[in-house]
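Subject: Handing over a structure

Hi there,

Here is the structure I promised to pass on to you. Have a look at it, and then read on for what turned up.

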Amino acid sequence: MAKDLYESLGLKKGASETEIKKAYRKLAAKYHPDVNKDKGSDEKFKELSAAYEVLSDPQKKSQYDQFGHVGGQDGSYGGGNPFSGGFGGEDYEDIFSSFFGGGGRKSSGRRGPKRGRDIEVSMTISFMDSVSGIKKTIKFSAYEKCSSCEGEGKEPGTGYDTCSSCHGTGQILQQQQTPFGVIQTQSTCHSCSGEGKKFKNPCKTCFGKGREKKEQNIEVNIPAGVFDGALLRISGKGEAGEKGAPSGDLLLHISVKSSPSFTRDEDDIHSTIDLHVLQAMLGTEAKVKTVHGTSKIKIPAGTNHGQTFKIKGKGMPKLRSNSKGNHIVHVSLDVPKSLSDKNREKLEEIAKDLNLEFSNKEGLFKKIFG
Ligand SMILES: [Zn+2]
Ligand SMILES: [Zn+2]
């Protein structure tokens, strides 16, 4: 295992910035090849510089403190130094992976180039768009396959060098002297991400990464019948992977706006119609607005408040099917607040015929019994 970086500087783990600086200055002065011609001082000086390069950088230091060890210490990523490669705007993950040689945070022993990240996008569509389905263009900035090297990461026509850190095995063997004897462990070579080889000539456009950040315009078809809260996965439309590794997916979170006229229950759509109490008593034909246009329904005489009528096949399109749900109309009875004298007389007439009892003497019966 590479020597502990703090140890290289003669420090304890977690030493402060000042301590690190001081230790480095002191040791660098001692081992600098210009002043120290002893055998091995050259190596020692390289070790110091490598340790200082990490520990003097707050971000790298915190990564080292958190994850414990560093493989691609020489900063090489197929030959080029990723920190001088012009990736100024890289996000944390990219800095991390180039620094640690590609394992990434979730280093689960997986070897080889990293699959591209999934991209998550939220989108709100109207209720009617959820009925008809809609084509949308989604814009986001993400890595895509490098156009110069077609994602390979190397200059076209060039080959590979065997990784010098692991001699092409992709694995690093470490021996550790412990009170119980020598323990040998094997881990993935961070210098080559376990591939055992490096590019002879990394692509100049993408610095060996096989991808470049670009504005993406992806057209997606949101299917008819999509639910509020649905998550659509468009496979392979996320970020391109490194060095030709598979792309991530595009994840679309769909919100559907509510409608003033319709509510949805699974594949059925519900709405309400207002009927005059006399229309409900006598029966009528009513026009009902559905998401597929206007339908006429028969309201039989004697329809009650809250009664429902089903209009078949006028509901939501069912996903992955050609059929549709139903439209359910709920009847709401409208009782007039006031009547003309003439109408009142007529209704009282009917009430009398029906022998209806009333307790409100102020109302109807004042006239009859008064
Ligand atoms: Zn390239
Ligand atoms: Zn290697």
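A word on terms before we start: four donors count as tetrahedral if all angles lie between 85 and 135 degrees. Please also keep in mind that this is a predicted model.

**The zinc ion (ligand 2)**

The angles among the four donor atoms here are 104 to 115°, and the site is therefore tetrahedral by that rule. For reference, the ideal angle for four tetrahedral donors is 109.5 degrees. The protein donors are the SG atoms of Cys 163, Cys 166, Cys 189 and Cys 192, at 2.2 to 2.3 Å from the ion. Along the chain, these donors are spaced C-x2-C-x22-C-x2-C. Distant parts of the chain are linked by one pair: Cys 166 sits in the loop between strand S3 (160–162) and strand S4 (171–178), while Cys 189, 23 residues apart from it, sits in the loop between strand S5 (181–188) and strand S6 (197–199). Cys 166 counts as buried because its relative accessibility is 4%, and Cys 189 is buried too, at 1%.

**The zinc ion (ligand 1)**

Which residues hold this ion? Its protein donors are Cys 146, Cys 149, Cys 203 and Cys 206, each through SG, lying 2.3 Å from it. The four donor atoms subtend angles of 102 to 116°, so this arrangement is tetrahedral. The spacing in sequence is C-x2-C-x53-C-x2-C. Here, too, a pair links distant parts of the chain: Cys 149 is in the loop between strand S2 (134–145) and S3, and Cys 206, 57 residues apart from it, is in the loop between S6 and strand S7 (211–222). Cys 149 is buried, with a relative accessible area of 4%, and so is Cys 206, at 1%.

**Strand S1**

In a regular strand, side chains alternate between the two faces of the sheet. In strand S1 (residues 119–125), Ile 119, Val 121, Met 123 and Ile 125 form the covered face, and Glu 120, Ser 122 and Thr 124 the uncovered one. S1 runs parallel to strand S9 (residues 250–256), joined to it by seven bridges, and Val 121 stands opposite Leu 252 in S9.

**The largest pocket**

The volume of the largest pocket is about 600 Å³. It is lined by 21 residues, and those closest to its centre are Val 277, Leu 278, Leu 339, Leu 347 and Glu 348. Helix H7 (277–282) and helix H8 (341–353) each supply at least two lining residues, with H8 giving the most, seven. By type, the lining divides into 14 nonpolar, three polar and four charged residues.

Enjoy exploring!

Conventions: Residues are numbered from 1 along each chain as its sequence is written. Chains are lettered from A and ligands numbered from 1 in the order in which they are written. This is a predicted model: local features need pLDDT of at least 70, side-chain atom pairs count only at pLDDT 80 or more; totals for chains, interfaces and linings use all residues. Side-chain values use heavy atoms; hydrogens and water are left out. Donors are N, O and S atoms within 2.8 Å of the metal (3.2 Å for Na, K and Ca); water is not among the atoms, so sites may look incomplete. Four donors count as tetrahedral if all angles lie between 85 and 135 degrees; four count as square planar and six as octahedral if opposite donors are over 155 degrees apart and all others between 65 and 115; anything else is irregular. Helices (H or I, at least four residues) and strands (E, at least two) are DSSP runs, numbered from the N terminus. Buried means under 20% relative accessible area, exposed over 50%, partly exposed in between (1.4 Å probe, protein chains only). Two strands pair if DSSP finds at least two bridges between them. On a 1 Å grid over the protein atoms alone, a cavity is a set of points where a 1.4 Å probe fits but cannot get out, and a pocket is an open set with protein on both sides within 12 Å along at least five of seven lines; lining residues have an atom within 4 Å of a point. Grid points are joined across faces, edges and corners, and a volume is the space filled by probe spheres set on the points. Ala, Val, Leu, Ile, Met, Phe, Trp, Tyr, Cys and Pro count as nonpolar, Asp, Glu, Lys and Arg as charged, and the others, Gly among them, as polar.
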